[in-house]
Amino acid sequence: MTEEILFDILIVEDDLISRSLLSRTLTSLGYKIIEAGNGQQAWDILQTKNIQLVITDWIMPVMDGLELTRKIRSSQKF
């Protein structure tokens, strides 16, 4: 039996341990994971990749999760 990738998830978390733990857990469930260390990195990824779900930390450097969420919601792309 072949494993089917369910969909792509972008994890946005500045804490490497938390990001890695979440990534490993979701990967084991069949999701394809893309990681970003802050909101700006996530925003850049969202401009080039088709992401179905974003899981974001709220408090991060450069661009926080709230600002990222506002940008996603106001974007014509999403």
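Is Leu-53 buried, partly exposed or exposed? In this predicted model, residues are numbered from 1 along each chain as its sequence is written, and local features need pLDDT of at least 70, side-chain atom pairs count only at pLDDT 80 or more, and totals for chains, interfaces and linings use all residues. Side-chain values use heavy atoms, with hydrogens and water left out.

Leu-53 turns out to be partly exposed, at a relative accessible area of 34%; buried means under 20%, exposed over 50%, and partly exposed in between (1.4 Å probe, protein chains only). Its place is in strand S3, strands being DSSP runs of E with at least two residues and helices runs of H or I with at least four, numbered from the N terminus.

Leu-53 is also among the residues nearest the centre of the largest pocket, together with Leu-46, Gln-52, Val-54 and Ile-72. A pocket here is an open set of points on a 1 Å grid over the protein atoms alone, where a 1.4 Å probe fits, with protein on both sides within 12 Å along at least five of seven lines; lining residues have an atom within 4 Å of a point. Helix H3 (65-74) and strand S3 (53-56) each contribute at least two lining residues, and H3 gives the largest share, with 5 residues.

Now for the loop between S3 and H3, where Val-62 is found. Val-62 has a positive phi, near 70°, though it is not glycine. Most residues other than glycine have a negative phi. Val-62 is exposed, with a relative accessible area of 66%.
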